[in-house]
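Open the model in your viewer and keep the selection tool handy. We will go from strands to core to rings, one stop at a time.

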Amino acid sequence: MGVTVKPVALDNKGEVEAFLHLPWKIYAPNGKKDPNWVPPFLDDQRSLLNRKKNPYHEHSRTKLFAAFNDKNEMVGRI
């Protein structure tokens, strides 16, 4: 079983949303939430990645990466 790591484009809303929603796929598959998992606030996560809302982006560059399995399913993120 191989894993491929690919960059996520910050200007592609679909890729960013898939990146942000991955924890639900891992920790709450089929609606059965791990009782020890506290989900992140998606609006906060989106604000952190938004170049217009977060001043961090004025002096830094952000790169997101996603790991995919052989079936091209996202299985991890960096």
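Two strands pair if DSSP finds at least two bridges between them; helices (H or I, at least four residues) and strands (E, at least two) are DSSP runs, numbered from the N terminus. This is a predicted model, where local features need pLDDT of at least 70, side-chain atom pairs count only at pLDDT 80 or more, and totals for chains, interfaces and linings use all residues. Residues are numbered from 1 along each chain as its sequence is written, and side-chain values use heavy atoms, leaving out hydrogens and water.

Start with β2 and β3 (residues 74-77): the two run antiparallel, joined by three bridges. Ala67 has Gly76 as its bridge partner in β3. Five residues separate the strands of this hairpin, and Asn72 in the turn shows a positive phi of about 65 degrees.

Next, select Trp24 and Trp37. They form an edge-to-face aromatic pair, 5.3 Å centre to centre with 85 degrees between the planes (ring centres of Phe, Tyr or Trp, the latter by its six-membered ring, within 6.5 Å; planes under 30 degrees apart are stacked, over 60 edge-to-face, the rest tilted). Trp24 lies in helix α1 and Trp37 in the loop between α1 and α2, so the pair ties together parts 13 residues apart in sequence.

Finally, show Arg77, which lies over the face of Phe19 at 4.9 Å from the ring centre (CZ of Arg within 6 Å of the centre and within 35 degrees of the ring normal; for Lys, NZ is used).
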